[in-house]
Amino acid sequence: MTSQTTTARAAGTWTLGDLPVNRLGFGAMRLTGSAAFHHGKPRERDRSIAVLRQAIDLGVNHIDTAAFYFSSLRSANELINSALTPYPDDLVIVTKVGPHREYSGEWGTAARPDQLRGQVEENLRQLGRNHLDVVNLRRMRQDSIAEHFGALAELREAGLIRHLGVSDVEPRHLAEAQAIAPVVCVQNKYGLGSSAAGSDEVLRLCGERGIAFVPFFAIAGDGGSRGPDGTHDDEVRAIARAHDATEAQVRLAWTLHQGPHVLAIPGTGDPDHLVQNVAAGALRLTDEEVAQLNGLLRQKAG
């Protein structure tokens, strides 16, 4: 693959509400350290800022972040603010609320509905914006999301938020949210190495309803923040060799092949990995390869 000359535009586009984005975006979680959240070593600030600016140069106009993405020395939102303001006119920043971390880095109690405004305002402050493009409600194991999503819908009506999404949901939660306010995206765990229950059905529903499906851990699968767990390595490696690509690129390309409404938000703090991730948007798998990989996913789910 000609990674050096490929931009995010090669992946095609989608519209989040009224905001057009390239389908190959960028996840900010890994900007702050060598591992997710407070694990690992903090990244060099200048390097993280350079990666963000390089992403923009490569055509990325969709960045996924959260106020709880921080390490002992770095905040993803602050890095985005420092690197990219004044923000490009076409840049869409998507953040999420619900989870909460203490300053020590430990996870605290998830936000109640009446606490979501504070989380939204914290994202506004850190990003230096007067409104948020898209806010995802991350479900924290609650059976119903209606009260939490309703609180965000009120903030949307107040002008603090432009569009709303949901994360880590089942079909019934998506239905709950849509009954309250428009939903422009769903973030669920999904990938070749993922066995998340119900995500295939949510993927299908999103396609039918014109909602973006935005997988997290598309490369790592069930390995999550620890990285890929080796699932299907042999099969993916063979396809990668056939395309002179990396295994991560094949996993990302397969994700994008699941439908025109599917976006990708791979994250990294490494400039070379960034170039490779963006180039995955130009990788076109054959129908036979997609069918083979689809079969592997069904085996994992079964």
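This is a predicted model: local features need pLDDT of at least 70, side-chain atom pairs count only at pLDDT 80 or more; totals for chains, interfaces and linings use all residues.
Colleague: Let us start with charged side chains, then: how many salt bridges does a search of the whole structure find?

Modeller: The general idea is to look for a side-chain nitrogen of Lys or Arg within 4 Å of a carboxyl oxygen of Asp or Glu. In this structure, a search of the whole model finds 16 salt bridges, and one of them joins Asp-64 to Lys-96, whose closest N and O atoms are 3.0 Å apart.

Colleague: Which parts of the chain does the pair Asp-64 and Lys-96 tie together?

Modeller: Asp-64 belongs to strand E4 and Lys-96 to strand E5, so the pair ties together parts that are 32 residues apart in sequence.

Colleague: And is Asp-64 buried or exposed?

Modeller: A residue is called buried when its relative accessible area is under 20%. Asp-64 counts as buried because its relative accessibility is 3%, and Lys-96 is likewise buried, with a relative accessible area of 3%.

Colleague: Where do Asp-168 and Arg-138 lie, as another pair that links distant parts of the chain?

Modeller: The side chains of Asp-168 and Arg-138 meet in a salt bridge at 4.0 Å, taken from N to O. Asp-168 sits in the loop between strand E7 and helix H5, while Arg-138 is in strand E6, 30 residues apart. Asp-168 counts as partly exposed at 31% relative accessibility, and Arg-138 is also partly exposed, at 21%.

Colleague: How many residues apart are Asp-234 and Arg-237, which both lie in helix H7?

Modeller: They are 3 residues apart, which is about one turn of the helix, and they form a salt bridge whose closest N and O atoms are 3.0 Å apart. Asp-234 counts as exposed, at 56% relative accessibility, whereas Arg-237 counts as partly exposed, at 30%.

Colleague: Which residues are linked in a network of salt bridges?

Modeller: Asp-143, Glu-170 and Arg-172 are linked in such a network.

Colleague: Turning to cysteines, how many disulfides does the structure hold?

Modeller: In general, a disulfide is a covalent bond between the sulfur atoms of two cysteines. This structure holds 0 disulfides. Cys-185 is in none, and the nearest cysteine sulfur, that of Cys-206, is 8.8 Å away, whereas a disulfide needs the two sulfur atoms within 2.5 Å. Cys-185 is buried, with a relative accessible area of 2%, and Cys-206 counts as buried at 0%.

Colleague: What does the side chain of Gln-249 reach?

Modeller: The side chain of Gln-249 reaches the backbone oxygen of Gln-276 at 2.9 Å. Gln-249 itself lies in helix H8, and because its relative accessibility is 2%, Gln-249 counts as buried.

Colleague: Finally, how should I read a pocket, and which residues are closest to the centre of the second largest pocket?

Modeller: About 430 Å³ of space lies in the second largest pocket. Of the 18 residues that line this pocket, the closest to its centre are Ala-67, Phe-70, Arg-101, Glu-122 and Gln-126. Strand E5 and helix H3 are the elements that give two or more residues to the lining, and H3 gives the most, with 5 residues. By kind, the lining residues divide into 6 nonpolar, 6 polar and 6 charged.

Methods. Residues are numbered from 1 along each chain as its sequence is written. Side-chain values use heavy atoms; hydrogens and water are left out. Helices (H or I, at least four residues) and strands (E, at least two) are DSSP runs, numbered from the N terminus. Buried means under 20% relative accessible area, exposed over 50%, partly exposed in between (1.4 Å probe, protein chains only). A polar contact is a pair of N or O atoms within 3.5 Å; within protein, one must be able to donate a hydrogen and the other to accept it, and residues adjacent in sequence count only if both atoms are side-chain atoms. On a 1 Å grid over the protein atoms alone, a cavity is a set of points where a 1.4 Å probe fits but cannot get out, and a pocket is an open set with protein on both sides within 12 Å along at least five of seven lines; lining residues have an atom within 4 Å of a point. Grid points are joined across faces, edges and corners, and a volume is the space filled by probe spheres set on the points. Ala, Val, Leu, Ile, Met, Phe, Trp, Tyr, Cys and Pro count as nonpolar, Asp, Glu, Lys and Arg as charged, and the others, Gly among them, as polar.
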